[in-house]
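Please open the structure in your viewer and keep the selection panel at hand. The tour below moves from one selection to the next and says what is there at each stop.

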Amino acid sequence: MPQELRAVHWTGSGLALIDQTRLPHRTETVDVRDVDTLVDAIRRLVVRGAPAIGAAGGYGVALALLQGEREGWTDGEVLRAISRIRGARPTAVNLMVSVDRVAARLPHGLTAVLAEAAAIQREDVEANRSMGAYGADWLIERVAVDRPLRVLTHCNTGALATAGWGTALGVIRELHARGRLEIVYADETRPLLQGSRLTAWELTQEGIPHYVQADGAAAGTILRGAVDAAIVGADRIAANGDTANKVGTVGVALACSYARIPFLVAAPTTTVDLSTATGDDIHIELRDQTEVLEWGGLRTAPAGSPGHNPAFDVTPGRLVTGLVTERGVLEVSTGELPGQRLR
Ligand code: MRU
């Protein structure tokens, strides 16, 4: 992905979001100038990935302020609009953290609000770069083989999902840059195909060798010894290391545990929610049934079959071999818990 392409970009008067529902076939941008459009964009996954929706939410506070000025809103109406942005999706804690951080600057006016939103974006790119280096160092040392690594990933955690570079995909990009990557198995990521549409698109842009595989292939690929390590992102990490990420992640973690290969989670500390004790307390978004009952707008399940569509699942901390943040790697499964190490 060219460096200048940003999933979330403040134009000076609004937000330009790459429309991730259209990729890989069309690269279109959605121009966002009001709160309703932003909330809709977050809900429909025009912008998605925990750090990217955090970045968009931060700028959303500025959008609410500007729209309030245009339309003569009261302070209460501005705050209600901000709280709608904050609640647009429930699982990724980055959205709430960013909105709250930027909203705290409201008394200082628009310039201060925009500066805070820009700082969140900048810090996220820096965190991703550090994570990339820590994660690559750890994997190379831990896997300790005399050949490039074969890794598996689930969902999309690249530049599209963040303010730039990527979390798990940032580690993968770093391995590639060091000449230490053989192949990436990219799970397609049902039902919305973030893996086959977005991760494969980013890997193609970077010239990184990869296969797209069905989610159901992941366990078999791992158990037949084709993978050295799995690396995924996160939407919220509880104090005990339990990790919410895209539905299907826990199956990957179980297969890694059975095969005794590392299961790595890469996420900035902004994704670690120390006020959430365990994964049981993480709100898992339930999305519209039609996403699993239809394909390309056509019904595939029998009429009358209801759908169950959790967008995320929770991987128990004891299955997380390593948690890579911008501060280094915690070996969660051996007791290096975020609640003790990241306070
Ligand atoms: O529903 P999505 O596409 O927003 O889900 C995204 C994921 O689950 C990612 O793995 C996670 O947000 C980390 S992105 C760096």
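A salt bridge here is a side-chain nitrogen of Lys or Arg within 4 Å of a carboxyl oxygen of Asp or Glu. Before selecting anything, note that this is a predicted model, in which local features need pLDDT of at least 70 and side-chain atom pairs count only at pLDDT 80 or more, while totals for chains, interfaces and linings use all residues. Residues are numbered from 1 along each chain as its sequence is written, and side-chain values use heavy atoms, with hydrogens and water left out.

**First stop: E331 and R142**

Select E331 together with R142, which form a salt bridge whose closest N and O atoms are 3.6 Å apart. E331 lies in the loop between β16 (328-330) and α11 (338-341) and R142 in helix α5, so the pair ties together parts that are 189 residues apart in sequence; helices (H or I, at least four residues) and strands (E, at least two) are DSSP runs, numbered from the N terminus. E331 is partly exposed at 24% relative accessibility, and R142 is partly exposed at 42%, where buried means under 20% relative accessible area, exposed over 50% and partly exposed in between, with a 1.4 Å probe and protein chains only.

**Second stop: R101 and E123**

Now select R101 and E123, whose side chains meet in a salt bridge of 2.9 Å, N to O. Because R101 lies in helix α4 (residues 93-103) and E123 in helix α5 (residues 110-143), this pair ties together parts that are 22 residues apart in sequence. R101 is partly exposed at 29%, and E123 is partly exposed at 36%.

Move on to R44 and D40, where the side chains meet in a salt bridge at 3.0 Å, N to O. R44 has a relative accessibility of 43% and counts as partly exposed, as does D40 at 36%. Then select D19, R22, R26 and E28, which are linked in a network of salt bridges. The structure holds 21 salt bridges.

**Last stop: D228**

Is D228 buried or exposed? With a relative accessible area of 8%, D228 is buried, and you will find this residue in the loop between α8 (218-223) and β7 (229-232). The side chain of D228 makes a polar contact with that of R147 at 2.9 Å, a polar contact being a pair of N or O atoms within 3.5 Å, of which, within protein, one must be able to donate a hydrogen and the other to accept it, and residues adjacent in sequence count only if both atoms are side-chain atoms. Not counting residues up to four places away in sequence, D228 touches V143, R147, P148, L149, R150, I261 and P262, where contact means heavy atoms within 4.5 Å.
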